[in-house]
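Here are a few notes from my pass through this one. Have the viewer open while you read.

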Amino acid sequence: MKKNKQKYLFLFIILLFAGLSLLWIFRSANTMQFKKASFELSATKILDDFLQNEEQANSKYIGKTLIIYGLVREIDNKQNIIFLQTNDVFINVSCSMTSKQKIKIDSTIVNHHVRIKGECSGMLIDLNLNNCILIEITD
């Protein structure tokens, strides 16, 4: 009788661990879809904020979920990145899309306006958003 209880307890723990692992995997894959955006602004506006005062923009935007809208300048299908046009010819807003978004990204959206949700990671050469999802294509 004692061995049966131990067997069932062990099986229960294994199933519980497997269930929680699956829940964590699928939740993290779809997290951005369900996150509420802290800010919604244009690619030009957020870049202006970073260029005017990078320290203040870092504290305001980094780590936050944002919705950015603007004109698609270029797409890198190999790295799954959409580049949004800004007023600066040398700096884009670089949106690294989630792997599930690859189907939605093709060259037909270049020169179209889009809305993209992602997490701001700051500015290096471009202004970077990660874990992005495409919300809307217009035009």
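Which side chain does Asn92 join in a polar contact?

1. It's Arg73: the side chains of Asn92 and Arg73 make a polar contact of 2.4 Å. Bear in mind that this is a predicted model.

2. Asn92 sits in the loop between S3 and S4. Buried or exposed? Asn92 has 10% relative accessibility, and since the cut-off for buried is under 20%, it counts as buried. Skipping neighbours within four places in sequence, Asn92 touches Arg73, Phe83, Leu84, Thr86, Asp126 and Leu127.

3. Beyond four places in sequence, its contacts include Asn92 and Arg73, along with Ile68, Val72, Val93 and Ile116. Leu84 is also among the residues with the most contacts inside the largest nonpolar core, together with Ile46, Ile68, Ile82, Val93 and Ile116.

4. That core has 26 residues. As background, nonpolar side chains tend to be buried together in soluble globular proteins.

5. Val72, in strand S2, is worth a look too. Its relative accessible area is 0%, so Val72 is buried. With neighbours within four places left out, Val72 is in contact with Ile82, Phe83 and Leu84, and also with Ile109, Val110, Asn111, His112 and Val114.

Notes. Residues numbered from 1 in each chain as written. Predicted model: local features only at pLDDT ≥ 70, side-chain atom pairs only at ≥ 80, totals over all residues. Heavy atoms only, no water. Core = buried A, V, L, I, M, F, W, Y, C linked by side-chain atoms within 4.5 Å. Buried < 20%, exposed > 50% of the residue type's maximum accessible area, 1.4 Å probe, protein only. Contact = heavy atoms within 4.5 Å. Helix = DSSP H or I, 4+ residues; strand = E, 2+ residues; numbered from the N terminus. Polar contact = N/O pair within 3.5 Å; in protein donor to acceptor, adjacent residues only side chain to side chain.
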